[in-house]
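Hi,

Here is the structure I promised to pass on. Have a look at it first, and then read my notes below.

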Amino acid sequence: MGRGKDNIRYREMEVAEGTYIPDCDVCYPEQDPDEHIMPVRYDGTEVVLDENYPYLDDSFRYRFNHFMNATLLRLLVMHVNRLRYGLKVEGREKLRRNKALLRNGAITVCNHVYRWDLSCVLHAIRPHRTWFPIYGEHLRGKDAWFMRYLGGVPVPETRSGMRPFNEAFDELHRRGEWIHVFPESCSWKHYVPIRPFHKGAFTMAYKYGMPLVPFVISYRERKGIYRWFDKEDTPLMTVHVGDAIIPDLNRPRKEEVDRMLREAHAQMVKMAGIVKNPWPATLEP
């Protein structure tokens, strides 16, 4: 048994018959669901995230790199996901059925479980693109170009930077863009339980009156031809599309944010094949 399964949260978890649990050699934290266990691969880049940073960049350079990144995603990353991870999408018809509801954009949430998990969501919502908040540290690492020009908007590191950061998402909403948030905040490789959520995505859904669509990534055993493309203990991936959650703007913000959070968490637990999840929906008051 790998270190991943030798964990109090895994021992407390109950799953439906047929749910695959990867046997990963990862030592997952047992008490702090926000502990970062995948370090940033720094490359020496210096970035100042204050009120002068272009959180919404409409320059030619940004638009060109954004186009190149989107092209690379379509031509390479999505095909690598199919070959290396056997990526499947289940429930995409829900997006087609709700096309009118989602025509002015949506907020998506997903569990944060491997390096390219956002590309799984993009694969499911294509041809839509999405914008997403990221920790500033990622812009100082080797994945900076990919994350920035995929649509990453860094969280400011100064109080003065919060105003232009919020205004950037106000404008993206005005343009009808899709917005993605990982409510678990940090990535735990191939982790099965759904961790507690932070309220940011759900507060944003209420603020903008936008539908929120939960996604979850689950795992399948690597077998057949897929054994040629990665190690046997690296699982195959399935991304599941949940039902859209509509904010009720007639209810108090705090109550409605809590309702949406708990409904999204419950949907994701069920789609992941978990009968008893070992974490609560949120640790925030």
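What follows is a short tour of the sheet, the core and a pair of helices.

One thing to keep in mind: this is a predicted model.

Let's start with the sheet. It is an open one made of 7 strands, in the order β2-β8-β7-β3-β6-β4-β5, with mixed pairing. At the edges you'll find β2 (88–90) and β5 (152–154), each of which pairs on one side only. On average, neighbouring strands are turned by 25 degrees against each other, ignoring direction.

Now zoom in on β7 (residues 212–220). With β8 (residues 236–241), β7 runs antiparallel, and 6 bridges join the two. If you want to spot some of the pairs, Ser218 has Thr238 in β8 as its bridge partner, and Tyr219 stands opposite Met237 in β8. With β3, on the other hand, β7 pairs in the parallel sense over 3 bridges. There, Ile107 stands opposite Leu212 in β7.

So is β7 buried or exposed? Mostly covered: 9 of its 9 residues are buried. Leu212, Pro214, Val216, Ser218 and Arg220 point one way, while Val213, Phe215, Ile217 and Tyr219 point the other way.

Helix α7 (residues 200–208) touches β3 (107–109), β6 (178–181) and β7, and its direction makes about 165 degrees with that of β3. Helix α8 touches β3, β7 and β8, and its direction makes about 25 degrees with that of β7.

In soluble globular proteins, nonpolar side chains tend to be buried together. Here the largest nonpolar core has 80 residues, and those with the most contacts inside it are Ile107, Phe169, Phe202, Leu212, Phe215 and Ile217. Helix α8 (residues 253–271) gives the most to this core, with 7 residues.

Finally, the helix pair. The axes of α2 (residues 60–85) and α4 (residues 117–125) come within 10 Å and cross at roughly 105 degrees. Angles of 65 to 115 degrees count as roughly perpendicular, so that is how α2 and α4 lie to each other. From α2, Leu73, Val77, Met78, Asn81 and Arg82 meet Ser119, Cys120, Leu122 and His123 of α4. Sorted by class, this contact has 5 nonpolar, 3 polar and 1 charged residues.

Enjoy exploring!

Notes
Residues numbered from 1 in each chain as written. Predicted model: local features only at pLDDT ≥ 70, side-chain atom pairs only at ≥ 80, totals over all residues. Heavy atoms only, no water. Axes fitted to C-alpha atoms, helices over the stretch in contact; angles between N-to-C directions. Helix = DSSP H or I, 4+ residues; strand = E, 2+ residues; numbered from the N terminus. Parallel < 35°, antiparallel > 145°, perpendicular 65-115°, else oblique. Contact = heavy atoms within 4.5 Å. Nonpolar A, V, L, I, M, F, W, Y, C, P; charged D, E, K, R; others polar. Core = buried A, V, L, I, M, F, W, Y, C linked by side-chain atoms within 4.5 Å. Buried < 20%, exposed > 50% of the residue type's maximum accessible area, 1.4 Å probe, protein only. Pairing = 2+ DSSP bridges.
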